[in-house]
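Subject: Structure handover

Hello,

Here is the structure I promised to pass on. Please open it alongside this email.

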Amino acid sequence: MATHGELEVEIVAADHFVWSGPARSVNARTTNGQIGILPGHTPILAILEAGELSVEPVNGDRLEVGVDGGFFSVDSNRVVIVADNARVGGSVSPEAD
Amino acid sequence: MGAQIRVYRQKIASTTSTRKIFKAMELIATSRIGKARTRVAAALPYANAITRAVSAVSSQSEIDHPLTTEHGEVRRAAVLVLTSDRGLAGSYSASALKQAEGLFEKLRGEGKEIQAYLVGRKAQAYFDFRGRDYEKVWTGGTDAPEFATAREIGETLLETFLRDYEDGGAEEIHVVYTKFRSMVVQEPSVMRLLPLEVVEEEVTQTGDLLPLYEYEPDPEQVLDALLPRYIESRIFAALLQAAASELAARQRAMKSAGDNATELIKKYTRLRNTARQAEITQELSEIVAGADALNAS
């Protein structure tokens, strides 16, 4: 359990694992609008809208992930993003589908 | 005499060439099993995350969702049967179909109508041959299933489940698939897909206790989005397991076919040698007899 102000992020797609690692913040779009997750966020289960979500890793560049919908859960600094289809853009080379 | 040797030679040649095919298919199946097993493993994180989320929602709020409510009286049950597209996989499809027959029998005994959904050309052929009805069939790519197929199946089944009985809907949905236990053990099994039995996670450690979630936008809508995904992921998992089982069954079938071919070749070679030796012996005795006859005269 990460306690010292770091998020533990895990992004999974239906048939493959996409990315995981420590992060400072996650920005996602839900059905109600944009939501930002920082360490210490209250547990939440939310539906993702199709679109981009971004992860600010502790090391390295900001990560942009395109999703076609899905959901994510946050509990005790653990963020699990479950996407129907996720493509990592930006600094990381695109994952082969 | 010579004719017999020729027959054996032909048999040896043809068995050798079929053995090459068996060997090739065995190798192909072996290399694909590895891939199929990796895919089974790759789909696990998604399935786990969804299962966890669903059990989190269900343990906190009383779920009253159409997908989880049991119908008082079940008049029709839909069964999805997973078989392979191609044969040469030993008893793989046959045992899945046998399992399905058992389930049909049981459901009929409970006074339920059966509605069949099939995956794989083998199941289709089985139903067509017996002139039985089925709702829908998906063929192609049973040894390397795509998530899109799982989604399509999931949507169709959900739609059937949500339809009223009068409009041809079913109140229960079962899946017959072959579980991949290990390379040598694959067992045909039945899983009830709908209505969902949400398996609440056993809390083993206090750390595992599911936190009190907030929902965005609200629990019902989150559940609405989660449950179909949960179903799709279960169907996808079943498809992947079935694919791995199919390949394992094919590999084993091809291995024993290859071994049998080797055995046959050995037998025919022996017979050929005996025939050749018999011919030589006969020729020799003819010559000796001829020489004796000349000497005697």
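This is a predicted model: local features need pLDDT of at least 70, side-chain atom pairs count only at pLDDT 80 or more; totals for chains, interfaces and linings use all residues.

Residues are numbered from 1 along each chain as its sequence is written, while chains are lettered from A and ligands numbered from 1 in the order in which they are written.

**Chain A**

Chain A has 0 helices and 9 strands. (Helices are DSSP runs of H or I with at least four residues; strands are runs of E with at least two; both are numbered from the N terminus.) Of the 97 residues in chain A, 32% are buried. Buried means 20 or more other C-beta atoms within 10 Å of the residue's own; exposed means 12 or fewer; partly exposed lies in between; the C-beta atoms are placed from the backbone.

Start with strand β1 of chain A, residues 7-13. This strand is mostly covered, with 5 of its 7 residues buried. (Strands pair if DSSP finds at least two bridges between them.) A hairpin of 3 residues links β1(A) to β2(A). Across this pair, I11(A) faces W19(A). β1(A) also pairs with β8(A), residues 78-83, in the parallel sense over 6 bridges. There, A13(A) is opposite A83(A).

Two residues are in contact if their C-beta atoms, placed from the backbone, lie within 7 Å.

**The sheet of chain B**

Chain B holds an open sheet of 5 strands in the order β3-β2-β1-β4-β5, with mixed pairing. β3(B), 136-138, and β5(B), 186-194, stand at the edges with a single partner strand each, so one side of each has no neighbour in the sheet. Neighbouring strands are turned by 25 degrees against each other on average, direction ignored.

β1(B), residues 76-82, and β2(B), residues 113-119, run parallel and are joined by 7 bridges. V81(B) has L118(B) as its bridge partner in β2(B). Helix α5(B), residues 147-162, packs on the sheet and touches β1, β2, β3, β4 (172-180) and β5 of chain B. The direction of α5(B) makes about 170 degrees with that of β1(B). α6(B) lies across β1, β4 and β5 of chain B, at about 35 degrees to β4(B). (Angles run from 0 to 180 degrees between N-to-C directions; axes are lines fitted to C-alpha atoms, for helices over the stretch in contact.)

**Two helices of chain B**

α2(B) and α6(B) pack at about 145 degrees, with their axes 9 Å apart. On the α2(B) side, the contact includes Y46(B), I50(B) and V57(B). On the α6(B) side, V222(B), L226(B) and Y230(B) are among the residues involved. By class, this contact has 13 nonpolar, 1 polar and 1 charged residues. (Nonpolar covers Ala, Val, Leu, Ile, Met, Phe, Trp, Tyr, Cys and Pro; charged covers Asp, Glu, Lys and Arg; polar is the others, Gly among them.)

L44(B) sits in α2(B). Why is L44(B) classed as partly exposed? Because 15 other C-beta atoms lie within 10 Å of L44(B).

**Where the chains meet**

24 residues of chain B are in contact with 21 residues of chain A. α1 (2-42), α2 (44-60), β6 (214-216) and α6 (219-296) of chain B each supply at least two residues of the chain B side. The largest share, 7 residues, comes from α2(B). That side has 19 nonpolar, 2 polar and 3 charged residues.

Strands pair across the boundary too. β4(A), residues 44-48, runs parallel to β6(B), with 3 bridges joining them. L45(A) has Y215(B) as its bridge partner.

Look at F71(A) as well. Leaving aside neighbours within four places in sequence, its contacts include L45(A), V82(A), A53(B) and L226(B).

Best wishes
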